[in-house]
Amino acid sequence: MAKKAKLMVTGDKEIDAILTGLPARIQKAAMRKTMRPAMKIIEKEAKRLAPVETGDLKKSIKVKAMKRSRKHIGIHVIVSDGFFKGDQFYAAFHEFGTKRQDAEPFMRPAFDNKGKEARDKVLKDMPKIVEQEAKKKGIR
């Protein structure tokens, strides 16, 4: 069984086309401001699909910024501290299954169900946010 699970969406041609040629600081600001609301769509779906025993697993699903990096900008939907970590370590058992328990995935199906909607929201919001960020930074 995998120790770590990450779902990444990278290199969307339409989003790349909007951002190409802009200064890095505008790209980063625009990505963060458009990705968070889009990922909330997937978060809501993951909470809807999550198995409920006590409700703690559902409450632990959050949208968080990924660790800062010079090369990557990221926002992700995560359970607590991540699969196999924290109080909701058992989320991975539901998502991937075990020898004794069939998988009851909820994170991957949430992305499959709502990923296109989230992407469309980013594409809709991106030009406006880029323009706002450029004005703030004094770039036209």
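Buried means under 20% relative accessible area, exposed over 50%, and partly exposed in between, with a 1.4 Å probe and protein chains only. Pro105 is therefore partly exposed, with a relative accessible area of 40%. The model is predicted, so local features need pLDDT of at least 70 and side-chain atom pairs count only at pLDDT 80 or more, while totals for chains, interfaces and linings use all residues. Residues are numbered from 1 along each chain as its sequence is written, and side-chain values use heavy atoms, without hydrogens and water.

Pro105 sits in the loop between α4 (91–96) and α5; helices (H or I, at least four residues) and strands (E, at least two) are DSSP runs, numbered from the N terminus. Its C-alpha atom is separated by 3.9 Å from that of Glu95, ten residues apart along the chain. Not counting residues up to four places away in sequence, Pro105 touches His94 and Glu95 (contact means heavy atoms within 4.5 Å).

The largest nonpolar core has 27 residues, such a core being a set of buried Ala, Val, Leu, Ile, Met, Phe, Trp, Tyr and Cys residues joined through side-chain atoms within 4.5 Å. At least two residues each come from α1 (13–19), α2 (24–49), β1 (61–65), β2 (75–79) and α5 (107–136), and α5 gives the largest share, nine residues. Val77 is among the residues with the most contacts inside this core. Leaving aside neighbours within four places in sequence, Val77 is in contact with residues including Met39, Ile42, Ile61 and Met107.
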